[in-house]
Amino acid sequence: MQNFKTDFEKTLKESNLSEKEIAFKNINAKEFSKQGFPNRKDEDWKFSDINQIIKKEIGELKFYTGQSKETEIDKDVLLSEIKHNKLIFVNGQLARTDFSSEEKNKIQFLDNINDIEEQSVENSLINLNNALANKSYKLLVKKNYQIKNPLIIYHVSNNKVTSQNINLKINFELEENSSLKLIDLVKDKGNKNFINIFYNFSLEKNSVLKNYKIDQFENYNIRYMFNNIKQSSNSVSETFYLSKGSTFSKNEITCDLKGEYSSAFVNGIFSLNKDKHHEIKAKINHLVENTKSYQLVKSVLENKSRSVYQGKIYVDSKAQKTDGYQLSKAILVDETTEFNAKPELEIYADDVKCSHGSASGSLDENSIFYLMSRGLSYKEARELLINGFLVEVINQITDEPIKKLIKNLYGLKNEY
Amino acid sequence: MREKELEKLKDYKYGFSTDIENFKAPKGLNEDVIKFISNVKKEPKWLLDWRLKAYNRVKVLKEPNWQKPKYPKINYQDLYYYSAPKSFKEKPKSLDELDPKLIETYNKLGIPLNEQKRLNGIAVDAVFDSVSVATTFKDTLTEKGIIFCSISEAIQKHPDLVKKYLGSVIPITDHYFATLNSAVFTDGSFVYIPPGVRCPMELSTYFRINASDTGQFERTLIIADKGSYVSYLEGCTAPMRDENQLHAANVELIALDDAEIKYSTVQNWYPGDKDGKGGIYNFVTKRGLCKGKNSKISWTQVETGSAITWKYPSCILQGDNSVGEFYSIAITNNHQKADTGTKMIHLGKNTKSKIISKGISAGFSDMTYRGLVDISPKSSNSSNYTQCDSLLMGNKCGAHTIPYIKNKNANSNIAHEATTSKISDEQLHYCQQRGLNSEEAVSLIVNGFCKEVLQQLPMEFAVEAQKLVGISLEGSVG
C-alpha cells in the first residue's frame, strides 16, 4: 500500500483538478488505503480472492500511469466485419473517437466533466477507480435518437505496459426513447496488468441499452468490470458477457429497476481453460411493481480452470408482480476444474414469481455415444455438444448483426 | 363459540412454567462454574480437561455475525449454566422417587413418563433444564444391547464409547456456540446401537426449559454401529417468558458401515409474543458423520417455534456410497426469524444427498434458507439434488434463499431448484367455496405444500406436526 500512497500523490500533483475533485479523490484514496484489495473474507469475494490473485500473478503493482504518448493503434486491432462507431482506449488513455456515421449532436462524448456523485460505495475497487481514473468521461445519447451502428469501445494495451493498474470510468446517459448498442472489446498486448473499469448507466423512460462485453482473446491480465445500471420506467437493459481470454476476470453488474415495466437481461458464457478463473456477479434490485429480470449463465470448464456465478434477485416489499429468473449451468470437462455458484433470492413481497436453478456436471456420456455411433469422432461429438450448450446463450442476443459477429469471433459456424 | 376456541389455540399451549425449587450453579461463565458442573456430575478428569480446553478456546473466539437475523448482544456472564430441580441432588433411582411435580409437568406436555400409560412404543429420555429426569423402556432396550440413557449416565457407565466419539464430529475447535456447548454442556441423550441391531422402537428426547435466565446446553451423541438402524425423535418446549433464552445444543451422529440414522425434530420452543418480545434463541449445532460405507443419515425437521432459529443440520459423507438427506419445514410468523438449512459435504465416492426445504413466512417474520453443497475432487460419481420452496403470506415478511454450490468433481452432478410464491386466490377460493373457512383453507394448502417433508416423519409425529403447522399460521391471513 506504500506504493499506492506515493503513486497517488504523484498522480494528483500532475493533474489539473478543482478543489472539489481533489477532495473527492482524497476521500476515495483514503478509503482504498484503509480497505486494500478485497479478499476472501469479504462475502462478495468469497470465491475469488483478488488480493491473493494480484499478489500471485502480478506481484508489486504500479498505480502511477503518467501521461504516456504511446497511444499508437495497431491496425490489426480494429474490427472490419461490421460498420461501427469507435472509442479507443490505449493503456487507459483515450486515443480516438469516431462517431462519423451518426447524426450530428445526437451523441455526445464529453471528457473532463465535473460530475461527482457524492454517494459512498462499499467497494474498495470503485474507490480505487475514483481515486485514480485521470478523467471522467460521459457519453450522452439525446432524446428520441436511436443509434444506427453499434459503438465499439476498444480496450487496448500495448506491450510496453506491465504490472500496471489501469483505471477507466465512463458515465452513460440515455435520454427518453433513445437507444445504445455498445460492444466492449478487449484487445490486450500488455500483460500482467490490473484493469479496473467502472461504467455508470442512467436509463431514462423507454430507453434501450444493449451491452456486449467480449473478452475473447488470450491475455494475461487481471480484469474487473463493474456495470452500475439505473433504469426508469419501460426501459430495457441487455447485458451479455463472453468471458474467456483473461487470466482472471470478474464482471459485476447491479441493476436498479426503479421504474415500472422496466426489465433487465443478463446473459453470460464462460469458456475457460489453462488455470483461468472468471466470475460473474449480478445483482438485480426490483424496487417497484411489474418489473422483470432474467439471468442465464453457462460455463464450460477445462484444464484447471474455475468459474464462479453469484446472482442475486432482490425484491422490495413494494415490488409486487415481479418476475425474476436465474439459471446457471456448468459442464466440467475434466477432473481438475471447479464450478462455484451462489444463486440468491431475497424477497419481501408476496405476489411474485421468482425462481432459480443451477446444475453442474460432466458431459453426458449417452449423448456422446449417440453421436459417435453416427460416425462422429469423440472430439467432434464433444465439440458439437459443447457448442450446442453454449449457443443457447448467444441466441439470447436480440441484435442480429451483433449475434452473427459474436458467433464469428467465438468461432461458431452460422448453422448453430 | 368458534372464535373462543380459536383464541385459546392461538396461545402457546406449552407456555406454563413449573414451580419447582431449583439447584443452580452460580451465575456467570468461568472456570469455577465449569469445575462445578463437572463436579456435580462426578465426571472423570479427562472430561473436565476437555471442557477446560474448550473454555480456553471460547475465550478467544468471537460470536459469528454473518447470519441474517441480528439479535441483541447476549451477556454470557448473566446466565445460569446449570439448573436442576433440587430433588435431583441425589438422582432418584426410579420413577416412584421422582418429584410428582415433574411427572405432572410432562403429563401436561403429553409425554407420560409412566410406561404403562403409554400406548405407543416410544422410549423417551426427558430433559428438564440441565438434567435428564427419566428414561423409559430401558429394560426392553437393554435386552437387545441398545444403550439409551442420559449422557451423564453414559459418561459413568460407558466411558470408553463416550471418550471415543464425543467431539469426533463437532470438535472443540468448532465455532463459538458449539465450543461454548463443549465447555458447559450439562445433559442430553446418548444412544448406542450395537452391530446388526434394528432398534425396535422410536427413541425420543423431550427437552424442556423451565428456569428463567438459564441457558440450555445439552449434548446428544448417537452412534449406530455396523449394520444397525435407529430412528430418533426430538421435541422441545419452553414456558412463556419476556426475556430471551439461549438454547445452544450440540448433536453428533455417527453412522458406521451399512448403518442408518433417522433424526426427526419437531421444534416448538416458545416463539415470543405477537410483538416479538421474549422467546428462545435456538442456536443449535447438529452434524452427522457417515463414517462407514453404505451408511445413511437423514435429518427431518419441523421448525415452528423460537424467536430466532439458527441452525444447519449437516451431513459429512465420508464413507463411499453413503447417503445424506435433509427434509425441512420452517414456519415463521409474527416477529420470528429463521436462518436455517443444511450442509452436505461429499468426501467419499458415489455419495448421494438430497435436500428438500420448505419455508413459510407470515406476519413480520423473516425466513432464510442457507445451504452448502460441496463435492470434493475425490468424491467421484456423487450427486446432489436440492429443492427449496418458499411461501410468502403478506408483504411485511421476507423469504430468502442463499445456496452455496461448489462442484470440484467432473463426474458429479449437482442440481438445484428454488421457487418463491404465495397462496393463490384461486386455491383459497376453491377451498372456501367447499365450506372451509379461510384459516382452515390456508392450513390445508400449507399442509399440501409441506407434504413431501411431513411424509418423512414417523406416524405420531406427523399428526402432531400437521396440527402444529396449522396453529403456527393462525391469524396470518385476514
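What follows is a short tour, from whole chains down to single residues.

Keep in mind that this is a predicted model. Chain A has seven helices and 19 strands, while chain B has eleven helices and 25 strands. The two chains touch, with 31 residues of chain A in contact with 30 residues of chain B.

**Chain A as a whole**

- Taken along the principal axes, the box filled by the C-alpha atoms of chain A is roughly 70 × 45 × 45 Å.
- Burial applies to 46% of the 416 residues in chain A.
- If you take the contacts in chain A with a separation of 6 or more, 82% of them are between residues 24 or more positions apart.

**Chain B as a whole**

- Chain B has 478 residues, and 54% of them count as buried.
- Looking at chain B contacts between residues at least 6 apart in sequence, you'll find that 83% join residues at least 24 apart.

**Where the chains meet**

- On the chain A side of the contact with chain B, strand E18 (338–347) and strand E19 (353–361) each supply at least two residues.
- E18(A) gives the most to that side, with ten residues.
- By type, the residues on the side of chain A that touches chain B are twelve nonpolar, ten polar and nine charged.
- Strand pairing crosses between the chains too: E19(A) and strand E25 (residues 413–422) of chain B pair in the antiparallel sense, over seven bridges.
- To spot that pairing in the 3D view, look for A:Ser355, which stands opposite B:Thr419 in E25(B).
- E19(A) also pairs inside its own chain, running parallel to strand E17 (residues 323–332) of chain A, with nine bridges joining the two.

**A strand with two faces**

- Which residues of strand E4 (residues 137–141) of chain A are on its covered face? They are A:Tyr137, A:Leu139 and A:Val141, while A:Lys138 and A:Leu140 make up the uncovered face.
- E4(A) runs antiparallel to strand E3 (residues 107–110) of chain A, and four bridges join them.
- A:Lys138, from the uncovered face, stands opposite A:Leu110.
- E4(A) pairs as well with strand E6 (residues 165–174) of chain A, this time in the parallel sense and over five bridges.
- A:Tyr137, from the covered face, has A:Ile170 in E6(A) as its bridge partner.

**The largest nonpolar core**

- The largest nonpolar core has 202 residues, and B:Val191 and B:Ile261 are the ones that touch the most other members.
- Strand E8 (residues 194–203) of chain A gives the most to this core, contributing seven residues.
- What does B:Val191 touch, leaving out residues up to four places away in sequence? Its contacts are B:Ile147, B:Phe148, B:Leu203, B:Ile222, B:Ile223, B:Val230 and B:Tyr232.

- Some background first: most residues other than glycine have a negative phi.
- B:Asn321 isn't a glycine, yet has a positive phi of about 60°.
- You'll find B:Asn321 in the loop between strand E17 (314–317) and strand E18 (323–332) of chain B.
- Is B:Asn321 buried or exposed? B:Asn321 is buried, because 20 other C-beta atoms lie within 10 Å, and 20 or more is what it takes to count as buried.
- B:Asn334 also has a positive phi without being a glycine, here of about 50°.
- B:Asn334 sits in the loop between E18 and strand E19 (337–340) of chain B.
- B:Asn334 counts as buried because it has 20 C-beta neighbours inside 10 Å.

Conventions
Residues are numbered from 1 along each chain as its sequence is written. Chains are lettered from A and ligands numbered from 1 in the order in which they are written. This is a predicted model: local features need pLDDT of at least 70, side-chain atom pairs count only at pLDDT 80 or more; totals for chains, interfaces and linings use all residues. A nonpolar core is a set of buried Ala, Val, Leu, Ile, Met, Phe, Trp, Tyr and Cys residues joined through C-beta atoms within 7 Å. A residue is buried if 20 or more other C-beta atoms lie within 10 Å of its own, exposed if 12 or fewer, and partly exposed in between; C-beta atoms are placed from the backbone. Two residues are in contact if their C-beta atoms, placed from the backbone, lie within 7 Å. Ala, Val, Leu, Ile, Met, Phe, Trp, Tyr, Cys and Pro count as nonpolar, Asp, Glu, Lys and Arg as charged, and the others, Gly among them, as polar. Two strands pair if DSSP finds at least two bridges between them.
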